[in-house]
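Subject: Structure handover

Hello,

Please open it first; my notes on what was found follow below.

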Amino acid sequence: MSRQDGLLEGAAFLRDRVSCEPRVGLVLGSGLGQIADLIEDAVAVPYADVPHLRASTALGHAGRFVCGLLSGVPVICMQGRLHPYEGYTAEEVVYPIRLMRQLGAERLLTTNASGGINTSYRVGDLVLISDHINLMGGNPLTGRVGETGGIVTPDMSKAYPEHLRAVAREVARGQGVTLREGVYIGVLGPSFETPAEIRAFRTLGADLVGMSTVYEVIAAVEMGMEVLGISLVTNMAAGVLDQPISGEEVMQVGARRAALLTSLIRNIVAEL
Ligand code: HPA
């Protein structure tokens with residue numbers, strides 16, 4: 001079966017189960033899955049049920065789509081994402097994003113947990129992603145042939161468009177939430193970085209580091225989606241503070257700040 005036929009099969013399966021035609025796709029990162037609890041008329045579909053979709057094994061990831069209404073807007077939400085560090089290929093990681101697009105989502109609101117490289121950030125800060133650096137080691141579009149028969153080469157110069165970031169800033173201001181802004185560098189993981197790597201990433205212009213998002217955004221841009229990314233700083237990156245980094249800490253900070261991020265996202269979606 002061709003890649004395209006597989007996608008159409010997966011999309012047909014999902015469309016049969018969910019009743020809504022989503023306008024917005026939401027990706028909920030580590031410890032941030034509870035936003036899905038606010039979705040009305042929710043229909044959940046485990047990833048394991050969807051043809052060609054790999055199950056999510058990462059800590060704090062439920063591994064299912066939830067479709068319904070958030071702030072009155074039809075959304076499809078990924079409660080948990082796939083990561084390259086789980087052993088999935090770049091193409092497998094972005095397959096659910098392709099499904100969301102097939103179902104109709106035109107915008108992607110993606111969240112993640114990250115380590116703060118910018119020393120003015122604090123644990124618990126919410127950061128609007130202004131741009132990214134792809135250091136994940138691959139690209140989900142490798143070998144992907146477009147409609148004209150050539151390899152696709154999408155322009156990434158406005159991957160996180162200013163007009164969507166302006167909406168997020170405005171909503172945050174209205175809520176009294178401080179929203180920082182910065183560049184996200186995506187790495188493969190699963191080990192956390194060394195202090196030397198973090199110093200190097202700072203020199204490269206990165207403010208945040210994480211193990212997700214970049215492939216999803218590349219695929220979304222190629223499919224013509226507009227992307228808004230919000231990162232939760234769950235720890236300061238390696239070497240910034242003289243203390244170890246743990247996956248548990250990432251989850252705990254996620255849980256502590258989830259209510260704030262949840263209300264922010266709900267209000268942003270209302271404006272999309
Ligand atoms: N590094 C990479 N990924 C992360 C981190 C980090 O410090 N924190 C949360 N995700």
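I start with the ligand. Around it are A113, S114, G115, F192, E193, V209, G210, M211, T234, N235 and V250; a residue is listed here if one of its heavy atoms lies within 4 Å of the ligand. The model is predicted, so local features need pLDDT of at least 70 and side-chain atom pairs count only at pLDDT 80 or more, while totals for chains, interfaces and linings use all residues. Residues are numbered from 1 along each chain as its sequence is written, and side-chain values use heavy atoms, with hydrogens and water left out.

Strands and helices supply the names used below. They are DSSP runs numbered from the N terminus: helices are H or I with at least four residues, strands are E with at least two. In these terms, β5, β8 (208–210) and β9 each give at least two residues to the shell around the ligand. The largest share comes from β5, with three residues.

A polar backbone atom of A113 is 3.4 Å from a ligand nitrogen. For G115, a backbone N or O atom is 3.3 Å from a nitrogen atom of the ligand. In E193 the side chain takes part, with an N or O atom 2.8 Å from a ligand nitrogen. The ligand taken alone exposes 260 Å², and the protein buries 95% of that. Such areas come from the Shrake-Rupley method with a 1.4 Å probe; for residues, only the protein chains shown count as cover.

Next is helix α3, residues 162–175. The expected span of a helix is 1.5 Å times one less than its number of residues. For the 14 residues of α3 this gives 20 Å, and the end C-alpha atoms are 20 Å apart, which agrees.

Which residues of α3 are buried? They are L164, R165, A168, V171 and A172, where buried means under 20% relative accessible area, exposed over 50%, and partly exposed in between (1.4 Å probe, protein chains only). These residues lie on the same side of α3 because they cover an arc of only 125 degrees around the axis; the arc is that of the directions from the helix axis to the C-beta atoms. On the face turned away from the buried side are the exposed residues R173 and G174. The buried residues pack against β5 (107–116), β6 (126–135), β7 (179–187), β9 (226–236) and α6 (247–271). After α3 comes G176, with a positive phi near 75 degrees.

A270 lies in helix α6. Leaving aside neighbours within four places in sequence, A270 is in contact (heavy atoms within 4.5 Å) with S71 and V73. A270 and S71 are 199 residues apart along the chain, yet their C-alpha atoms are separated by 5.3 Å.

S71 lies in the loop between β3 (64–70) and β4 (73–79). Its phi is positive, about 55 degrees, although S71 is not a glycine. D41, in strand β2 (residues 40–46), also has a positive phi, near 50 degrees. D41 is exposed, with a relative accessible area of 63%.

Finally, the peptide bond from G189 to P190 is cis, with omega near 5 degrees. P190 is in the loop between β7 and α4 (195–204).

Regards

Notes: Polar contact = N/O pair within 3.5 Å; in protein donor to acceptor, adjacent residues only side chain to side chain.
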